[in-house]
Structure formats: C-alpha cells, structure tokens
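Welcome, and thank you for taking a look at this structure with me. Please keep the sequence and the 3D view side by side as you read.

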Amino acid sequence: MGAFKEPHGGELKQLYVDSSAIDAIKQESKDYKSWDLTDRQGCDLELILNGAFSPLEGFLSQADFDGVLKDMRLSDGTLWPMPITLDVDEAFAGSLAANEKIALRDAEGVLIATLEVSDIWTPDKEAEAAAVFGSNDMAHPAVHYLHNIAGAVYLGGKLTGVEKPTHYDFKLLREDPADVRARFEKLGWRKVVAFQTRNPLHRAHQELTFRAAREAEANLLIHPVVGLTKPGDIDHYTRVRCYEHVLEQYPEQTTNLSLLNLAMRMAGPREAVWHAIIRKNYGCTHFIVGRDHAGPGKNSQGEDFYGPYDAQELFLEHEEELNITMVPFKMMVYVENKAQYEPADETSPEDTVLNISGTEFRRRLQEGLEIPEWFSYIKVVEELRRSYPPRHKQGFTVFFTGLSGSGKSTVANALLVKLLENGGRSVTLLDGDKVRKSLSSELGFSREHRDLNITRIGYVASEITKNGGIAICAPIAPYTATRRQVRDMIAPLGGFIEIHVSTPLEVCEARDRKGLYAKARAGIIKEFTGISDPYEEPENPEMRINTVEMEPELAAHRIFVKLESMGFIR
Ligand code: PPS
C-alpha cells in the first residue's frame, strides 16, 4: 500500500499469502496439529492478518507480552497496549515441540492461518489482569474471561494467512484496512474522523459525530464493533440495521459506515489507545474519545473501574506517537426551547434541557413505553422494538442454585405450575436430578463434570429463552464462575433471574431426604457438595430464599411477584 502517505495510516502488515501459495500450504498443513479458534481468537486473528493490528505480525511473543504489560510497549519499543495472545489448554501446549508449525482453523475446520510457534509460556494471569485492566475483580468482563475462560498457556509466533474468515452477514460493510484506505483515497478524503461504538446510535450521536467532523474539517467514518462487545449488549445484526438508518441522516458524501470485527476487552484507557492504533491503520486521522471510553461498568463494590476521563488522558499522553488526533466527545443534550441539540456545556440556565439516559432508554424499550422523537429516529426505534420486544413478550430463565436438599426442586415445581396456570408461554423445567438422568447421564461430580453439566443446562435454557419460552433450572451449580458464564449466555437473549435457595447446610443435612448426606459423611459418596466439595454462595442473586423461613408455595409466589415486577409476566 505504498501509495498511501501520511496521514493515511502508515505501514500495513497484511499477512495473507499470495493465492498461488495457498494449495501448497494447505497440503503441508495436513500434517500439522490443529487448533480450533475460539470466537475471540477468530476476531483477533482476522485483525492481525488484515493489518488492523499492524505492526503485529502474529500472536505476541513472551518478551512482547512482558513489555506490553509493563509499559504498553513491544520489545522493539513500539507502543502497543493490549496483549494479543493465543491461549490454549495445557494438553495442547504440552504436545508441541519448539518452533513447530500449527494450523489455526475456524469452527467449520477451514484453515485460516498457520502459526510458527516461537514461544510457549504459562502467564501469571493475576499480574496480567492487574497491568492491563487495573483490577482482578471478576465483575470486569475481560478479567472474568482471562481467569475463567481463557486457556492456561499462551503461544506466540508469526502468522501466515491462508484464507480470510468467512462472514455471511453485511458483506459489503465488512472491510479490511486496505479497502477503507483505498476508498478514502478514491474519494479524496484527506482527513477522516473515526467514531467507535458498540451501541445503537440515536440523534445525540448523530449530532456529536457530525459536529466533531465539522470542527476537524474532516469526513466521518462510523466504525462500529461487530465482533465481541460487552456481554448483554444489543446484538450486532440489530445495531447494523439501525446504523444504516442513521447513515441516511448525514449530508450526502460526508459519512461512511464500515464494520470492525474486533473482540473488545472493555479495558478503558488502554483500550482507547488500542482503538486509536486500529483506526490509524484504517487510514483515519482523528478519533473520537468520549467519557468512560470502553468502560466495563461497575466493579463488585459498585464503583467505576476507571475514571471518566482516564482514557482521554492516556490517549493525550501518547497522541503524538500515535499520530492520530483525539477529538474529545462532547455530551450532547436536547434543548427543548430551541428544538435542537447542543453540547451540554454550551447551554444557558434558561434553557429547558432534556436527556434520556441509556438505562432509562432500555427501561422504556423493555416496558414498551414511549420513546420521544427528539431522542431517536422512528426507524431506529422500530428496529429495536422488533428485536427487543417488551419483557412480557420475551423469554426468560429462572435459575435456582443451592445445596442438595435445600428445596430447589420443590420451589421450582411450584413455580412451574403457577407459570403454566398463568399461561401464554411454554415452560420447561430442567431439574438437577432429572438432567443427571438424561442430558448429563454420563457425568460425575468433579469440577470439570459439574461445569459441563451446568453449561449444558445453560445452553438448553438459552435456546428456550431465545425462542420466547420460560426455562426453570434447578441444579446445585456450586461455582460462581460457571453461573456467571450461564448468565452471560442467557441475559442478552431475554431475562435471567438467579434465585439462591439459601437453606443452611445443617438444615439440608438434617432433612437428608435421599440419605445422601449420611453416605457423604460416611465417605461412601465422594465430592459431595457442602461436605467434601465446595459451594460458592452467589453474591448478587436476584432473590434469596431460605426454605426454613418460607414454605415452598409462598416462595414460588414471591418469585412470581418478582417476575411480575420485573415486567416478565402480567
Ligand atoms: S451440579 O453440581 O450442579 O452439577 O449438581 P446437580 O446436577 O444439580 O446434581 C445434584 C444431584 O445429584 C445428587 N448427587 C450429588 N450432589 C452433589 N454432590 C455429589 N457428589 C452428588 N452425588 C449425587 C443429588 O441428589 C443432587 O440432587 P439435589 O436435587 O440437588 O438433591
């Protein structure tokens, strides 16, 4: 891409081989060990191969990783804030020899790239989370991912791209950096402001992005993330349809829309620097950074992980080296008496200022309430209402967790009947004991097997929820991380209501309906929850029920009322 001079992007590292070499690599790689890419790895790999992560030419080596953690620099001194590593399990890592080449395949087994493994190491994940995310709090989605989902061992090495990952959706909008640069060149766009987003756009966003571009005397690239965003976000299919509507609102020839298959980490300040490098690689000259850019929400103490302007400050520290200009995001509000949007800091005390927070907007959507036209565009709201009907039309999962004998099944059965009596949606009960006889009949009670059991239950419940039904799950589910995984899987598809049946161990043991506690005490049953195996109590369930203090029927009634108050039934 030598034709592009500054400010259009700098050198692009495009790692796909020439088409004439592909057959030979495919043939050779038949003898390689294969790694099936996870969703996140698939996103990372695509952006390394297409140059969006330039100057990376592969997954980080250990020396680069250490540098990135220490001071956001690769071992050659280049600024790079995010550890992009290939995490694998110990068994796979243990099977590799030094400098072995491996095949990286997508979910369908298509060879996307080969990796020449130069480094294999076991990272200190606590240190990684502390350095990159500033925290080891599991409420941070990337900290949770690092500790509970990512493999234990990292592989580093150079990549050779073989085949571009296939996407079946919005093909015309999915572009590599070289495509976007070429378009800017063709259009004669010398200055381009990029806008990063993981949310639907409303009028305020249109106003602020358009003003940002006008002030910089630049064109505008709306560059939303369609890879992985924060769990619970609006799905990218709906968002892209919304973006297409919003695009019509900009004056012609001023603004482009392009999709970025990035797997976000929600790393606030470091993420802002990373986003800027990516947009620079796409040929943009300016980048909008708002309040709490790529913020992960609240920590487990209810406080923000990062200060609201930490991202802007870190960006500014490195702005010259980044060679892309930060455009600070202005908070826009609707001034009713002027019937227009203005930056909040430019309004006068006499103005009637209107605003709807993101939380309030979601509430109105969930409850099917009015969303005023000054706030969003009719077509955007229609699109969102189509994908996210009000809660009483959505599916949901009631997930009970608690010790054996705590009363989960009894309350779950009572709730099942009440919901059937109420009618309107199909109801499925996935009781722990019953699942163990069918779906999970081959599993035991090791941590690994329990996790597998819970993720299977979660998967079935997620399908039911997605299709508008009600799933009631009643397993022990003793581990916080696994319950969290299930919540993250289901919450974006409908409701997820966790009920901790907190009947104390002594009571469960005294009841001992199935005689299991006696057997566990006698050592006949091993790994028995509460006796010889742990139960991690949920910290923030939607509801806690102690069946010593409450009859099962009353408990089921309370849950029913809770579901009503949340808007799921009426
Ligand atoms: S888990 O941990 O969520 O996978 O457990 P779950 O699938 O709910 O299965 C729990 C039921 O299996 C019986 N059982 C045991 N429970 C705990 N630990 C051990 N070792 C064990 N062995 C058998 C027990 O009857 C549980 O049923 P409930 O309905 O909870 O009493």
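A word on the ground rules comes first. This is a predicted model, in which local features need pLDDT of at least 70 and side-chain atom pairs count only at pLDDT 80 or more, while totals for chains, interfaces and linings use all residues. Residues are numbered from 1 along each chain as its sequence is written, and side-chain values use heavy atoms, with hydrogens and water left out. The names of helices (H or I, at least four residues) and strands (E, at least two) refer to DSSP runs, numbered from the N terminus.

Let us start with a sheet of five strands. Strands of a sheet pair through backbone hydrogen bonds, either parallel or antiparallel. Here, two strands count as paired if DSSP finds at least two bridges between them. The five strands form an open sheet with parallel pairing, in the order β16-β17-β15-β18-β19. At the edges stand β16 and β19 (543-545), each with a single partner strand, so one side of each has no neighbour in the sheet. On average, and ignoring direction, neighbouring strands of this sheet are turned by 20° against each other.

Now find strand β17 (residues 470-474). How many of the five residues of β17 are buried? Five of the five are, so this strand is largely enclosed by the rest of the structure. Buried means under 20% relative accessible area, exposed means over 50%, and partly exposed is in between (1.4 Å probe, protein chains only). In a regular strand the side chains alternate between the two faces of the sheet. In β17, I470, I472 and A474 point one way, and A471 and C473 point the other way. Strand β17 is joined to β15 by four bridges, the two running parallel. You can see V398 opposite I472 and T397 opposite A471. Five bridges join β17 to β16 (residues 427-431), again in parallel, and L430 has C473 as its bridge partner.

Next, stay in strand β15 and look at T401. T401 is buried, because its relative accessible area is 0%. Polar contacts are pairs of N or O atoms within 3.5 Å; within protein, one must be able to donate a hydrogen and the other to accept it, and residues adjacent in sequence count only if both atoms are side-chain atoms. A polar atom of the T401 side chain lies 2.7 Å from the backbone oxygen of I476, and one lies 3.2 Å from the backbone oxygen of A477. Contact means heavy atoms within 4.5 Å. Leaving aside neighbours within four places in sequence, the residues in contact with T401 include K408, R483, E498 and Y535.

Axes are lines fitted to C-alpha atoms, for helices over the stretch in contact, and angles run from 0 to 180 degrees between N-to-C directions. Helix α18 lies across β15 and β18, running at about 155° to β18. Helix α21 (residues 552-565) packs on the sheet as well, touching β15, β18 and β19, and its direction makes about 175° with that of β19. Within α18 (residues 480-490), A481, T482, R483, V486 and I490 are buried. Their cover includes α6 (141-148), β15 (396-402), α17 (447-466) and β18 (495-501).

A second open sheet has three strands in the order β13-β12-β14, with antiparallel pairing. Its edge strands are β13 (340-343) and β14 (353-354), each pairing on one side only. Four bridges join β12 (residues 332-335) to β13, and M332 stands opposite P343. Helix α8 (residues 203-215) packs on this sheet and touches β12 and β13, its direction making about 55° with that of β13.

K171 is exposed, because its relative accessible area is 53%.

Finally, visit the ligand. Which of the 21 residues around the ligand come nearest? They are S404, R436, R450, N453 and E527, where a residue counts as near if one of its heavy atoms lies within 4 Å. A side-chain N or O atom of R450 is 2.7 Å from an oxygen atom of the ligand, and one of D433 is 3.4 Å from an oxygen atom of the ligand.
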